[in-house]
Amino acid sequence: MNKKKIYPQWFLIVPLVLYAVFFLLPGVLGVAYSFTDWNVRSLGELNFIGLDNYIEIFTSDKNYTAGIFNTLKFTVISNIIKLTTGLFLAIMLKEKLKGKSIYRTLLYLPSVLPFLIIGLIFKSVLNYNNGLLNTFLEFINLGFLKQKWLSDLSVVWKSIYGVDAWRGIGYVMTIFLAGLNTIPQSYYDAASIDGASFWQKLIHITLPNLTGSITINLVFGLTYGLKVFDIIYVLTNGGPGHATEVVTTYVYQLYANGQYGLSVSLNTILFVITMMIGLLVVKYMGKQEVQQ
Amino acid sequence: MKKKFMSMLLCITMIAIMLTGCSSNPTPENNDGNETSALAASESKDSDSGAGDFAGETLSIMVSQGWMDNRYDETIARFEETYGVTVDLQTIPADQYDDMLQSKLTGGTCADIFWIQSNPFAIESVIVDYENYCINFTGAQWKSVIPEARLDSCMVGDTLYGLQLWHNSPEYVMIYNKTLFAELDIESTPSTYTELLTVCETLAAADLTPWFMPGADGWQHPLPFFQIGGVYEETQPGLYDALNDNTATFADNEKMLEVLTQFKELSDKGYFGEDWIGSDSTNLANEFGDRNIGMAMGNSSFIQQIKDETETQDEFGLFLIPLGDNDTFPTNPAGPTMFGYKGTEHPELVKAFFDFVCTTQSLQEILDNSPAYTNIAVNDDAVEQHWLPEEEEFMQSISEDKMLTSVLQTGTKYTNDYWMDFAADLVAYCQGTMEANDVLKNMDANRATAAEVAGDEAWQ
């Protein structure tokens, strides 16, 4: 027995088995089912249909590809908003500021709220006729800024990004704060002596030393964005029309309509995209970290 | 040694707890095809059940917004008191209900009682595996309470599954403010689309919303298209049968395209309200009472609700939806229907609830607590109905030959199942991201999918 190890290796067997059975196996089964005509009337009789489900997804008039595009678009834009804003907030809150603990707490609080609660509240706040936002804008004589926040095609996605950012920025900021606290102050002092500006310190000191935090936020943010469902389902349910449909809302609709094979096919596509992007990010950011 | 023993013990305990937590309740599918085994097991336990035997149990009911609301509160409270049970009423937003119900049924986690919007085809097309999901109520005494015309929505063949307690008021016709119309010199209600446009122009000029359309409900805005099914059948006799035999399609139907075009025109002109897509119907009575709107779709009995909730002195009236120059009545012997979930742990309690709500006292309570409804369609002369004079006047103004065709969603197979999909497509069309014929093509494609899944020979 290796006396340096705290626990024996066979301790891993049970959690590995549980993980394989409850996490890996359903995923593999799902991929297998995507090649069948599994539906609500199948009742145990499944027929192998090859790639028919995938062909249906990419050729259907239902425009599932728009859902895939919307998912990718949401992932990219929401992460840009949350990461940049979260980083700058973390930098500000790292400074010696009165009451910064209170600010940190207030900024973090939305991220502990369930999406359902947030969605219901903001659905009311963003109502065109009676919502708090438009009413407030009228009250301060900015009625010309009133929008149909959740029913105007040119505004609805911005509203979703806004609500999502409101919830997610606190969490991202907290991860960045933890990372910032590991950067020695002497680096910044030396840079100040050499006459470095804020942006130069940011680019040459802060960002390179935050690679780990950026990786964490990026990986979490990307997987969240690709799997997004709650916030969209509660705010718009894929509407108005089909403007805010994403992969997961289509998956849910297909499942609810009893088209299980098509539903898991869409999920499989999402899984492949998520896996590819996740691996790329980890590989690239890992290289950056090694180069440091 | 002691450490090893403790760690082994903790591991075994952890596994045991996890496996216990992962065990599932018996579902209908686990009963090896024995139709009544779940029922029998519980029946043997509850064979001598009376009011006291249910004490402490909880009866869960899953229902869509609008189908029960507060109407059943008094009856439920009395049921709880009578049987010493708790009723867990789960009201789901209308636009999420269908998806949630399917998830619950297939996942085996459905409430003890669930509802669907039923019609002669819905049990097979919406519930699908009704033999596995629904309690068989054949032989129940309360069957006699259901009018003959509504039994098709509660039965499959000779087997009784559902209970439909709904009203017979004209459903989703146009309600209008008579007093306002008179003040604006609108002499008569529109019976053609052209007349409707003229009325809307007049109302809009008076800074009113001509026709309030609550698009945010997710299910109301398709009504003008489907409720006028009679005009499609009149234009093309035999259309309903052809749609059910798959010898006709929604796509390229000229009358339907005309109606959709008219709907979009009203939307584009702003006659549905500034943000009809984002507006819901929760404040509809007040919109009428505050004289913000001229017309809206509603059940005829909603007039009483407007008067009760707003104390308005205005008079209200009814007329048929005039899209497509429609003059047919929206006959619809269908409605929200409750079913007992076969996987329930309390089948006898479910049966007791069904018996309880069908007593004269309960039916009267349900009607009296329904400000929006003036009658309840039941075979019980002891129930005192509250028909409005406006309703009686309206019904008398329509000839019987205009009442022969049911609404499109009830008279054709697999149509109502895709109501919400149609609703989303209709919004997309009004926003210019879809063409009218594509909306109809999608309905055809959805019906075809449902038909193929159902093994309908007409689609093979």
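Among contacts in chain A between residues at least 6 apart in sequence, 71% join residues at least 24 apart. The model under discussion is a predicted one. Chain A has 13 helices and zero strands, and 36% of its 292 residues are buried.

**Chain A: overall form**

- From the N terminus on, the elements of chain A run α-α-α-α-α-α-α-α-α-α-α-α-α.
- The C-alpha trace of chain A spans about 75 × 75 × 30 Å along its principal axes.

- Ser159(A) belongs to helix H7 of chain A, which covers residues 156-180.
- Ser159(A) counts as buried because 22 other C-beta atoms lie within 10 Å, where the cut-off is 20 or more.
- Beyond its neighbours within four places in sequence, Ser159(A) is in contact with Leu126(A), Trp149(A) and Leu150(A).
- Trp149(A) lies 10 residues from Ser159(A) along the chain, and the C-alpha atoms of these two residues are separated by 6.0 Å.

**Contact between chains A and B**

- Chain A contributes 24 residues to the contact, and chain B contributes 24 residues.
- On the side of chain A that touches chain B, helix H12 of chain A (residues 247-256) gives the most, with four residues.
- That side of chain A divides into nine nonpolar, 12 polar and three charged residues.

**Domains of chain B**

- Chain B is divided into domain 1 (45-168 + 334-382) and domain 2 (173-328 + 390-459).
- The centres of domain 1 of chain B and domain 2 of chain B, taken over C-alpha atoms, are separated by 28 Å.
- In the contact between them, 16 residues of domain 1 of chain B meet 18 residues of domain 2 of chain B.
- On the side of domain 1 that touches domain 2, the elements of chain B giving two or more residues are helix H4 (94-107) and helix H5 (122-127).
- H5(B) gives the most to this side of domain 1, with four residues.
- The residues of this side of domain 1 comprise eight nonpolar, five polar and three charged.

**Helix H20 of chain B**

- Helix H20 of chain B (residues 436-454) has 19 residues, and its first and last C-alpha atoms are 28 Å apart, close to the 27 Å expected at 1.5 Å a residue.
- The buried residues of H20(B) include Val439(B), Leu440(B), Met443(B), Asn446(B), Arg447(B) and Ala450(B).
- An α-helix has 3.6 residues a turn, so residues three or four places apart point the same way.
- Among the elements of chain B that cover the buried residues of H20(B) are H5, helix H12 (254-268) and helix H19 (419-430).

**Nonpolar cores**

- The largest nonpolar core holds 128 residues, and those touching the most other members are Phe114(B), Met174(B), Ile175(B), Trp211(B), Ala296(B), Phe353(B) and Val439(B).
- H19(B) gives the most to this core, with nine residues.
- Domain 1 and domain 2 of chain B each supply at least three residues to this core.
- Leaving out residues up to four places away in sequence, Ile175(B) touches Met295(B), Ala296(B), Gly298(B), Phe302(B), Ile303(B), Phe316(B) and Leu318(B).
- A second, separate core of 37 residues includes Tyr64(A), Leu126(A), Val246(A) and Val251(A).
- Leu126(A) of this second core is also one of the residues in contact with Ser159(A).

Key. Residues numbered from 1 in each chain as written. Chains lettered and ligands numbered in written order. Predicted model: local features only at pLDDT ≥ 70, side-chain atom pairs only at ≥ 80, totals over all residues. Contact = placed C-beta atoms within 7 Å. Nonpolar A, V, L, I, M, F, W, Y, C, P; charged D, E, K, R; others polar. Domains from an automatic or database assignment. Buried ≥ 20, exposed ≤ 12 C-beta atoms within 10 Å, placed from the backbone. Expected span 1.5 Å × (residues − 1). Core = buried A, V, L, I, M, F, W, Y, C linked by C-beta atoms within 7 Å.
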